[in-house]
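Colleague: I'm new to this. Could you show me how to read a few features of a protein model?

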Amino acid sequence: MIHRDRNHPSIIMWSIGNEIQGMDSPEIVSVAHKLAEYVHSLEPTRPVTAAVNSVNEKKDPFFSTLDVAGYNYARDHYLSDHERIPERIMYCTESFPLEAFEYWTEAVKYPWVLGDFVWTSFDYIGEASIGWRGYLQEKDFYPWTLAFCGDIDICGWKRAQSYYRDVLWQTGNKISIFIKPPEPSFPENPKREYWSLWHWHDVVADWNWGGYENHLMDVVVYSAAEMAELFLNGKSLGKKETSMATRYTATWQVLTMKEF
């Protein structure tokens, strides 16, 4: 794999694993050291990394085998670990979509944090319904088959969270607009665990709502500009701030009209 891909400009690091069991054990640390050295011998121009979950000080020896430390869901360790080991370069190897703003903010704030990979880019078959229903699933997730947590769906279309990430990282669409449905898109799970944050806000890019005439609907705008202005049939509904203070988001309540 390394020989095949070493000339690809898209390769920026080589990973030797993700959420490996026993990362705090000497045996696994020894294997990680051997793997890192082997990768360096095959292709010395790029750093070696790995994605580490349940980050704590016991995993410092494992981190020491890496050139760049991958943190899964551990932004709360960015500052404390930097104070302990200031030479450690880190980045987020998995983050929650619902905390996209926080992970972006801290990557910008801390120069030793390179950036953020979200779980997950493309949606996938498996871990069914964790994006919408979350945990605990209790094996009652039928008829769900997809995780429903991808920035991009299985047909290749961007979801709302991906457009929001465009605004944060200043790439792609600098402004986008969605509507919060008057009823939830799918039944809620009353047993969702507090740490289950692989979902996104229930907003859709649909504009026709038959049966909901004369209802107030929330129109949500993500914008990289300082202000956003919403127009309905050529009439301004006002300007609103879209800045870091508002998480680059503005919401208007709009009265639906009868479709002609």
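Colleague: Let's start with D140: why does D140 count as partly exposed?

Modeller: Partly exposed is the band between buried, under 20% relative accessible area, and exposed, over 50%. D140 has 41% relative accessibility, so it counts as partly exposed. Keep in mind that this is a predicted model.

Colleague: Which residue does D140 form a salt bridge with?

Modeller: That's R133, and the closest N and O atoms are 3.4 Å apart. R133 is buried, because its relative accessible area is 12%.

Colleague: How many salt bridges does the structure hold?

Modeller: There are 14. Take D123 and R159, whose side chains meet at 2.9 Å, N to O. Those two sit 36 residues apart, each in the loop between β5 and α6. Both D123 and R159 are buried.

Colleague: And which residues are linked in a network of salt bridges?

Modeller: E57, D60, D81, R84 and R88 are. Within it, D81 forms a salt bridge with R88, with 3.5 Å between the closest N and O atoms, and both of these residues are buried.

Colleague: Now sheets. How do strands of a sheet pair?

Modeller: They pair through backbone hydrogen bonds, either parallel or antiparallel. Here, an open sheet of three strands runs in the order β6-β7-β10, and its pairing is antiparallel. The edge strands, β6 and β10, each pair on one side only.

Colleague: How many bridges join β6 and β7?

Modeller: Five. In one of them, S176 has Y222 in β7 as its bridge partner.

Colleague: Which helix lies across the sheet strands β6, β7 and β10?

Modeller: Helix α6, residues 160-169, running at about 40° to β7.

Conventions
Residues numbered from 1 in each chain as written. Predicted model: local features only at pLDDT ≥ 70, side-chain atom pairs only at ≥ 80, totals over all residues. Heavy atoms only, no water. Pairing = 2+ DSSP bridges. Helix = DSSP H or I, 4+ residues; strand = E, 2+ residues; numbered from the N terminus. Contact = heavy atoms within 4.5 Å. Axes fitted to C-alpha atoms, helices over the stretch in contact; angles between N-to-C directions. Salt bridge = Lys/Arg side-chain N within 4 Å of Asp/Glu carboxyl O. Buried < 20%, exposed > 50% of the residue type's maximum accessible area, 1.4 Å probe, protein only.
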